[in-house]
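This briefing goes through a single protein chain, topic by topic. Please keep the sequence and the model open while reading.

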Amino acid sequence: MTEALYTEDTPEPQKAAKSGKAASAPTELSALQRLKETIAKKVERPEIIINVPERPGVQLRIRPNITQQQMKAWRRNAGEDTKAGMDATKFACYLVGHTTDGILIDGEEVFDDDGFELNFASKAVLQMTETTRPVPDAVREFFGVDPHIEAAALTILDAAGYSDTVDAVDPTMTSSKN
């Protein structure tokens with residue numbers, strides 16, 4: 001015996017009444033209400049941890065929520081509109097420096113003497129790197145190898161969603177009840 005392709009208890013799509021109110025039970029949210037709630041939620045990418053390759057045990061806690069305005073400012077600061085063009089390593093330093101929310105050693109978060117998380121603008125980081133500018137100087141000294149800064153920046157951009165793809169949905173390929 002073959003199974004039926006559909007059953008009678010399959011719910012039909014809800015239709016709105018002429019008054020504009022959803023024809024659903026009072027406890028269920030309408031599609032519009034569900035959409036409003038979904039859109040009202042703040043969208044943030046999860047934090048990531050990246051290794052600093054030439055510094056065994058050292059990791060950075062990164063907040064990869066990057067806006068286009070930030071990207072534009074970092075590119076401009078890296079020389080995008082200059083005659084010489086943008087310095088890719090300097091851009092990578094801006095990206096890494098401004099998205100770092102914490103530094104870890106052997107998996108343990110590091111705090112300064114006042115109990116604050118370290119980042120590249122922290123006095124302690126500037127002292128240990130013997131620099132006065134967090135970006136690009138402290139980032140460069142911290143990593144020690146320029147290609148690793150660029151690799152870290154690419155990892156951060158990936159986590160921020162800049163390499164994500166958005167798939168198209170073919171409306172003609174929806175499932176049918178027949």
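The model is predicted, and local features are described where pLDDT is at least 70. The chain holds 6 helices and 4 strands, and their order along the sequence is α-β-β-α-α-β-β-α-α-α. Of the 178 residues in the chain, 28% are buried. Contacts between residues at least 6 apart in sequence include 53% that join residues at least 24 apart.

**Packing of α3 against α5**

- Helix α3 spans residues 88–99 and helix α5 spans residues 134–143; their axes are 8 Å apart and the packing angle is about 90°.
- Angles from 65 to 115 degrees count as roughly perpendicular, and α3 and α5 therefore have that relation to each other.
- On the α3 side, the contact is made by T89, K90, C93, Y94, V96, G97 and H98.
- On the α5 side, the residues involved are V135, P136, V139, R140 and F143.
- By class, the residues of the contact of α3 with α5 comprise 7 nonpolar, 3 polar and 2 charged.
- P136 belongs to helix α5, and the peptide bond that leads from V135 to P136 is cis, with omega near 0°.

**The two sides of α2**

- Helix α2 covers residues 68–77, and its buried residues are M71, A73 and W74.
- Viewed down the axis of α2, these buried residues fall within an arc of 165°, so they line one face of the helix.
- An α-helix has 3.6 residues a turn, so residues three or four places apart point the same way.
- Q69 and K72 are exposed residues on the face of α2 turned away from its buried side.
- The cover over the buried residues of α2 includes α3 and α6, the latter at residues 146–160.
- Just after α2, G79 has a positive phi of about 95°.

**R61 in strand β2**

- Strand β2 contains R61.
- R61 has a relative accessibility of 11% and therefore counts as buried, the cut-off being under 20%.
- Between R61 and D101 there are 5.6 Å in space, C-alpha to C-alpha, although the two are 40 residues apart in sequence.
- With neighbours within four places in sequence left aside, R61 contacts E47, I48, I49, T99, T100, D101, G102, L104, E109 and E117.

**T100 in strand β3**

- T100 lies in strand β3, which covers residues 100–105.
- With a relative accessible area of 3%, T100 is buried.
- The T100 side chain comes to 2.7 Å from the backbone oxygen of V96, and V96 is also one of the α3 residues in the contact with α5.
- Not counting residues up to four places away in sequence, T100 touches L60, R61, I62, N119 and F120.

- N65 sits in the loop between β2, at residues 58–62, and α2.
- A polar atom of the N65 side chain lies 2.5 Å from the backbone nitrogen of R45.
- Apart from residues up to four places away in sequence, N65 touches E44, R45 and Q70.

**Positive phi in residues other than glycine**

- D106 has a phi near 50°, which is positive in a residue other than glycine.
- D106 is placed in the loop between β3 and β4, the latter at residues 108–109.
- The relative accessible area of D106 is 67%, so D106 is exposed; the cut-off for exposed is over 50%.
- E130 has a phi near 55°, again a positive value in a residue other than glycine.
- The loop that holds E130 runs between α4, at residues 123–129, and α5.
- E130 counts as exposed because its relative accessibility is 73%.

Key. Residues are numbered from 1 along each chain as its sequence is written. This is a predicted model: local features need pLDDT of at least 70, side-chain atom pairs count only at pLDDT 80 or more; totals for chains, interfaces and linings use all residues. Side-chain values use heavy atoms; hydrogens and water are left out. Axes are lines fitted to C-alpha atoms, for helices over the stretch in contact, and angles run from 0 to 180 degrees between N-to-C directions. Angles under 35 degrees count as roughly parallel, over 145 as roughly antiparallel, 65 to 115 as roughly perpendicular and the rest as oblique. Contact means heavy atoms within 4.5 Å. Ala, Val, Leu, Ile, Met, Phe, Trp, Tyr, Cys and Pro count as nonpolar, Asp, Glu, Lys and Arg as charged, and the others, Gly among them, as polar. Buried means under 20% relative accessible area, exposed over 50%, partly exposed in between (1.4 Å probe, protein chains only). The arc is that of the directions from the helix axis to the C-beta atoms. A polar contact is a pair of N or O atoms within 3.5 Å; within protein, one must be able to donate a hydrogen and the other to accept it, and residues adjacent in sequence count only if both atoms are side-chain atoms.
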